[in-house]
Amino acid sequence: MGELKTGRGLNQKLGLVRAGDTRWGSHFKSFGNFIRMFGSIVDVLDTLVEDASMLDDRAKASGYLEACQTYKVAFLLHLMTDILGITNELNVSLQRKEQDIANAMVLVQVAKKRLQTLRRDDEWNLFVDKVSTFCIKHDILVPNFDDLYVNSGRSRRKHADHTVFHHYRVDVFCKVLDWQLQELNDRFDEATTDLLHGVARLNPIDSFSSFDIRKIMKMAELYPDDFDEFTMSTLENQLASYIIDVRDFDERFSDLNGLSKLSKKLVKTKKHLVYPLVFLLVKLALLLPVATATVEKAFSAMKFIKNDLRNRMDDDFLGGCIVPYVEREVFSIVSNESIIKTFQEMKRRRVQL
């Protein structure tokens, strides 16, 4: 059907991704596939309109077919594909289990700049030409941008006081860009940016190549309960000594990759006692989940643990159930006998398990 070739193993990557598969990312792939498969989708809907046995199915297919073959849908499909394509690298970066926060923050700025660039007249003209080419290819009527805009949900006698051009350029195109920019600004405000930059500068990767005392101190300022004015001065001195120690003298810290390994090495070498404030910052950084795959996994597990039949679980019981469920690989090596023995030794019991 359409322009897609049929055969075993073909078109396996073309499909509309389920909502559950895109919870943490964008729907970039779905929109892109919808555009690529547009001809086939129209053919399928057209077939359903003619051959569907149920009247309800035929009516739904007819409605979907009519909606698909409009300039509005074509415009929105391409607009969302372009916008989500701009933020796709950022979404993918934030989904990685081992995140490179420094690069993620750069991608935020890149996405903002590219979204601002789309506002230019030349970018708008290129976008409209692309949508028009798509519409001509699929026999979709392209409106005259100089005509008055008529809302399909209102009476045609009540014309809008603006043109089709104004509607698509201002009310749709620019407004969607504003929404996306506002979303990025809300999620990555100044405090969040300072926090994430500080975490990135603590990372020991590449022999502490990204270490920056100034940005780490900005991160510490966001924890006034842990770092008062006197403690901040002490922290700055500890950071200066710490980086010389672990980068220039102690070779045991030369091949670390990630904050978790750094924290373990600090404890193993007892440097957490030498630089307690630095170690506190590392612990705070480790307690800062930034939309990782691990967090997503934990929230997904919660649906299975705290269900309708067990909706009154307290936090301790819920945590005790979720941890073994999420960390199945770790708990799989723990024998039942060890669990029974530990439970038995927690307190004296009448019955020996």
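Colleague: Leaving aside its neighbours within four places in sequence, which residues is glycine 85 in contact with?
Modeller: This is a predicted model: local features need pLDDT of at least 70, side-chain atom pairs count only at pLDDT 80 or more, and totals for chains, interfaces and linings use all residues. Residues are numbered from 1 along each chain as its sequence is written, and side-chain values use heavy atoms, with hydrogens and water left out. Contact means heavy atoms within 4.5 Å. Beyond those neighbours, glycine 85 is in contact with Phe28, Met80 and Arg114.

Colleague: Is glycine 85 buried or exposed?
Modeller: Glycine 85 is found in helix 4. Buried means under 20% relative accessible area, exposed over 50%, and partly exposed in between, with a 1.4 Å probe and protein chains only. Glycine 85 has 16% relative accessibility, so it counts as buried.

Colleague: How many Å separate the C-alpha atoms of glycine 85 and glycine 32?
Modeller: Along the chain, these two glycines are 53 residues apart. Their C-alpha atoms are separated by 9.1 Å.

Colleague: Which residues does threonine 87 touch, not counting residues up to four places away in sequence?
Modeller: Threonine 87 lies in helix 4, residues 71-95. With 4% relative accessibility, threonine 87 counts as buried. Setting aside residues up to four places away, threonine 87 touches Ala111 and Gln180.

Colleague: What percentage of the residues in the protein is buried?
Modeller: The protein has 353 residues. Of these, the buried share is 37%.

Colleague: Among contacts between residues at least 6 apart in sequence, what percentage joins residues at least 24 apart?
Modeller: The count takes in contacts between residues at least 6 apart in sequence. Among them, the share joining residues at least 24 apart is 60%.

Colleague: What percentage of the accessible surface belongs to carbon and sulfur atoms?
Modeller: Accessible areas come from the Shrake-Rupley method with a 1.4 Å probe; for residues, only the protein chains shown count as cover. The surface of the protein comes to about 23000 Å². The part belonging to carbon and sulfur atoms is 54%.

Colleague: At what angle do helix 11 and helix 14 pack?
Modeller: Two packed helices are described by the angle between their axes and the distance between the axes. Axes are lines fitted to C-alpha atoms, for helices over the stretch in contact, and angles run from 0 to 180 degrees between N-to-C directions. Helix 11 (residues 229-249) and helix 14 (residues 276-286) have axes 8 Å apart. They pack at an angle of about 90°.

Colleague: Which residues of helix 14 make the contact with helix 11?
Modeller: From helix 11 come Thr231, Thr234, Leu235, Gln238, Leu239 and Tyr242. From helix 14 come Pro276, Leu277, Val278 and Leu281.

Colleague: By class, how many residues in the contact of helix 11 with helix 14 are nonpolar?
Modeller: Ala, Val, Leu, Ile, Met, Phe, Trp, Tyr, Cys and Pro count as nonpolar, Asp, Glu, Lys and Arg as charged, and the others, Gly among them, as polar. The contact has three polar and no charged residues. Its nonpolar residues number seven.

Colleague: At what angle do the axes of helix 8 and helix 10 cross?
Modeller: Helix 8 covers residues 190-202 and helix 10 covers residues 213-221. Their axes come within 8 Å. The axes cross at roughly 130°.

Colleague: Which residues in helix 10 does helix 8 meet?
Modeller: Helix 8 brings Asp194, Leu195, His197, Gly198, Val199, Arg201 and Leu202. In helix 10 they meet Lys215, Ile216, Lys218 and Met219.

Colleague: Where is aspartate 139?
Modeller: Aspartate 139 has a positive phi of about 55° although it is not a glycine. Its relative accessible area is 70%, so it is exposed. Its place is in the loop between helix 6 (121-137) and helix 7 (164-187).

Colleague: Is phenylalanine 208 buried or exposed?
Modeller: Phenylalanine 208 is found in helix 9, residues 205-208. Its phi is near 60°, a positive value in a residue other than glycine. At 1% relative accessibility, phenylalanine 208 counts as buried.

Colleague: Which residues does valine 128 touch, not counting residues up to four places away in sequence?
Modeller: Valine 128 lies in helix 6. At 12% relative accessibility, valine 128 counts as buried. Leaving out residues up to four places away in sequence, valine 128 touches Tyr71 and Phe145.

Note on methods:
Helix = DSSP H or I, 4+ residues; strand = E, 2+ residues; numbered from the N terminus.
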